Amino acid sequence: MTTRFIRPAVCVLAFLAAADVRPADAQYFGRNKVQYEQFDWRILKTDHFDLYFYPAESLKVHDAARQEERWYSRLSDIFRHQFDRKSIVLYADHPDFQQTNVIGDQISEGTGGVTEGLRTRVVQPFTGVYADDEHVLGHELVHVFQYNIAETAPGQGGLARLSALPLWLIEGMAEYFSLGRNDAHTAMWMRDAVMRDRFPTIKQLTTDPRFFPYRYGQALWAYIGGRWGDRAVVDVYRTALRVGWDQALVRSLGLSSDSLSKDWAAANKAFYSGQVAGRTNPDSAGRTVVPQKKDSEYNVGPALSPDGRFLAFFTTKTNLFGIDLVLADASNGRIIRQLAGPQSDGHFDAISFLQSSGAFSPDGERFAFIVYDDGDNEITILRTRDGEVEKQFQPGDIGAVLNVAWSPNGRELAISGSRGGVGDLYMVDVQTEAVRQLRQR
């Protein structure tokens with residue numbers, strides 16, 4: 001079906017009318033992850049994809065189907081490439097995804113993943129935020145195009161040549177085509193690099209792990225796409241499969257990596273230096289309380305006590321093998337005591353810290369935070385004076401809990417979470433554990 005000349009609403013209706021929803025054939029999902037639940041898989045068939053889902057996400061999967069077909073239309077035009085049907089396995093939330101993220105081939109943990117083999121598959125959880133799901137669906141579909149182009153490239157060993165390309169090229173391209181040229185998050189990284197005079201060359205970006213390939217790679221492709229057009233981005237990729245990334249820049253753009261690095265750095269310095277001129281440097285507005293002592297150290301999710309005396313945060317300072325929740329003096333960052341950690345606390349399996357922080361109760365005597373236990377997100381409430389767990393529970397049928405905040409009276413928690421892949425806001429009675437949805441869909 002040709003979609004570019006049809007209005008989106010008409011395209012969606014035509015596509016869904018032809019969709020076929022049926023139970024999936026017998027499948028065994030996952031072999032090396034602990035499985036707490038059995039998923040009753042179904043398949044939603046679209047023009048180009050087989051979307052695997054289970055009943056809890058029945059409403060959201062139709063939206064994902066429309067998003068996938070829109071992405072296919074955009075990306076097939078950009079890459080000048082089409083492929084046969086692909087499988088997309090969707091989980092309602094990240095706790096479900098963590099249980100069974102292996103399907104035939106091993107894929108990496110994280111936001112999502114693509115397997116390569118006899119048939120390319122995308123595997124990812126819904127985030128609960130439509131904009132984030134749109135980004136991840138697009139990002140992973142870029143990888144499908146990359147894999148398929150490599151598989152069908154002239155000669156032998158296309159996938160081996162793909163694996164030899166640097167991450168900034170592969171992941172940066174997926175970020176660029178899924179987020180676009182103007183992205184506030186990546187702009188923050190580039191602005192910071194300019195302010196600190198630490199803007200990398202392309203060779204540094206290739207070899208030095210201190211430069212995050214997703215952000216810097218997206219920024220580099222945005223510069224290339226803005227200067228030469230998006231066709232040049234794809235040309236560099238296709239050429240790199242044959243001759244390597246360094247020579248691909250020369251053949252496709254007419255510049256060596258050194259010359260392109262200088263032009264790219266100069267453009268960023270000219271742009272961001274003007275933005276920060278006359279502004280207060282962050283180091284002048286505050287001071288570091290908890291310094292990072294080594295590159296591999298995490299200090300994240302800070303929460304200040306109501307009286308301003310204490311700071312709770314998640315850290316690897318006290319644990320070589322995981323993340324602990326600690327209480328520290330807010331004036332100097334000195335750790336007073338460990339409050340919780342999966343190695344020392346049998347109440348849960350892991351702490352959720354990447355996208356959430358905890359919260360002090362109004363009187364500062366209790367602290368609420370999110371954990372993983374038996375494959376689910378649960379809320380743990382502990383006493384700050386000794387770390388003793390007062391309560392731990394799963395709030396109703398909410399699949400993923402993202403953030404918590406205490407009510408002023410200390411009797412309720414406001415939480416953001418997702419159910420069936422759709423995000424919402426809820427109030428939870430701390431005593432009875434009753435859940436009330438704040439918004440109506």
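## Close-up views of a predicted model

Figure 1. In strand 19, Arg 436 is the bridge partner of Met 427. This view, like those that follow, comes from a predicted model. Strand 18, which covers residues 422-429, runs antiparallel to strand 19, and the two are joined by three bridges. They belong to an open sheet of four strands, in which the order is 16-17-18-19 and the pairing is antiparallel. At the edges of this sheet lie strand 16 (400-406) and strand 19 (435-437), each of which pairs on one side only. From one strand to the next, the twist averages 30°.

Figure 2. Strand 9, made up of residues 324-329, pairs with strand 10 in the antiparallel sense over four bridges. Within strand 10, Ile 335 is the bridge partner of Ala 328.

**Figure 3. The aromatic pair of Phe 39 and Tyr 54.** The structure holds 27 aromatic pairs, and the one shown here, between Phe 39 and Tyr 54, is tilted, with 4.6 Å centre to centre and 35° between the planes. The pair links distant parts of the chain, 15 residues apart: Phe 39 lies in the loop between strand 1 (20-23) and strand 2 (42-45), whereas Tyr 54 lies in the loop between strand 3 (49-53) and helix 2 (58-79). Are these two residues buried or exposed? Phe 39 counts as buried because its relative accessibility is 14%, and Tyr 54 counts as buried because its relative accessibility is 5%.

**Figure 4. Tyr 72 and Phe 145, a pair joining two helices.** The ring centres of Tyr 72 and Phe 145 lie 5.8 Å apart and their planes meet at 35°, so this pair is tilted. Tyr 72 sits in helix 2 and Phe 145 in helix 4 (residues 130-151), so that distant parts of the chain, 73 residues apart, are linked by the pair. Tyr 72 counts as buried, at 4% relative accessibility, and Phe 145 is also buried, with a relative accessible area of 0%. Both residues belong to one aromatic cluster, which is formed by Phe 49, Tyr 72, Phe 79, Phe 83, Phe 145, Tyr 176 and Phe 177.

**Figure 5. Charged side chains placed over aromatic rings.** The charged end of Lys 60 sits over the ring of Tyr 130, at 4.3 Å from the centre of that ring. In another example, Arg 74 lies over the face of Trp 71, and here the distance from the ring centre is 4.5 Å.

**Figure 6. Two stretches to be read with caution.** For the protein, pLDDT averages 84, and 83% of the residues score at least 70. Over residues 102-111, however, pLDDT stays under 50, and the model has 26 contacts beyond four places in sequence for this stretch. Where pLDDT is low, the predicted coordinates should not be read in detail.

Note on methods:
Residues numbered from 1 in each chain as written. Predicted model: local features only at pLDDT ≥ 70, side-chain atom pairs only at ≥ 80, totals over all residues. Heavy atoms only, no water. Pairing = 2+ DSSP bridges. Axes fitted to C-alpha atoms, helices over the stretch in contact; angles between N-to-C directions. pLDDT = per-residue confidence, 0-100. Contact = heavy atoms within 4.5 Å. Phe/Tyr/Trp six-rings, centres within 6.5 Å; stacked < 30°, edge-to-face > 60°. Buried < 20%, exposed > 50% of the residue type's maximum accessible area, 1.4 Å probe, protein only. Lys NZ or Arg CZ within 6 Å of the ring centre and 35° of its normal.
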